[in-house]
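Colleague: Thanks for making time for me. Could we go through the model together, and would you tell me what lies behind each term as we go?
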Amino acid sequence: MPERVDIYTDGACRGNPGPGGWAALLRYGNRETTIHGAAQETTNNRMELQAALSALQKLKRPCTVSITTDSRYLMDGIQQWLPHWKRNGWKTSAKKPVKNQDLWQQLDAQVERHTVTWNWVQGHSGHAENEQVDQLANDAIDAMLS
């Protein structure tokens, strides 16, 4: 049976576009690890995608994964839009190129490796893990800018 991993992700941006950060908390049993990163010029949506992508890339073997995010963009993209984009040659319903296609394609490949369920929480609502990864994403921006 695949191991179960709970992942909490968040992205942050100061300006949009502007300097951005991402973070993820990975919990396996009673073990936890956090990962984070930053980019000089990016968007909030790219940072949300990068957090989920980086967390899944960290897993060394296929797992049963629960990902919790406060990003509607990530949730709607992965659950609703992605199948249509792939069928339409990575074009939107308006026949325009999908934004952040590079990250969506990488995320799609990572999701294929695992059994993933997606959970949405309201941002800045006191959800402990969401607050933690939000702080880590902002800390990553601060560290990059200092």
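Colleague: Which residues of α1 meet which residues of α3?

Modeller: Keep in mind that this is a predicted model. From α1, the residues are Arg 46, Leu 49, Gln 50, Ala 52, Leu 53, Leu 56 and Gln 57. They meet Asp 102, Leu 103, Trp 104, Gln 106, Leu 107, Gln 110, Val 111 and Arg 113 in α3. By class, the residues of this contact are eight nonpolar, four polar and three charged.

Colleague: Why is α1 called roughly parallel to α3?

Modeller: Helix α1, residues 44-58, packs against helix α3, residues 101-113, at an angle of about 30°, and the axes are 9 Å apart. Angles under 35 degrees count as roughly parallel, so α1 is roughly parallel to α3. The crossing of these two helices is left-handed.

Colleague: Which residues make the contact of α2 with α3?

Modeller: On the α2 side they are Tyr 73, Leu 74, Gly 77, Ile 78, Leu 82, Trp 85 and Lys 86. On the α3 side they are Trp 104, Leu 107, Asp 108 and Val 111. This contact divides into eight nonpolar, one polar and two charged residues. Gly 77 is part of it, and glycine counts as polar in this scheme.

Colleague: What lines the largest pocket, and how much space lies in it?

Modeller: About 350 Å³ of space lies there. The lining has 13 residues, and Val 5, Tyr 28, Arg 31, Lys 58 and Leu 59 lie nearest the centre. Elements giving two or more residues to the lining are β1 (3-13), β2 (18-28) and β3 (31-42). By class, the lining holds five nonpolar, one polar and seven charged residues.

Colleague: What makes Pro 17 and Lys 95 worth a look in the backbone?

Modeller: Most residues other than glycine have a negative phi, and most peptide bonds are trans. Asn 16 and Pro 17 are joined by a cis peptide bond, with omega about 15°. Pro 17 sits in the loop between β1 and β2. Lys 95 is not a glycine, yet its phi is positive, about 65°. Lys 95 is found in the loop between α2 (72-87) and α3.

Technical notes. Residues numbered from 1 in each chain as written. Predicted model: local features only at pLDDT ≥ 70, side-chain atom pairs only at ≥ 80, totals over all residues. Heavy atoms only, no water. 1 Å grid on protein atoms, 1.4 Å probe; cavity = no way out; pocket = protein on both sides within 12 Å on 5 of 7 lines; lining within 4 Å. Points joined across faces, edges and corners; volume = space filled by probe spheres on them. Helix = DSSP H or I, 4+ residues; strand = E, 2+ residues; numbered from the N terminus. Axes fitted to C-alpha atoms, helices over the stretch in contact; angles between N-to-C directions. Parallel < 35°, antiparallel > 145°, perpendicular 65-115°, else oblique. Left-handed = near helix turned anticlockwise from the far one by under 90°. Contact = heavy atoms within 4.5 Å.
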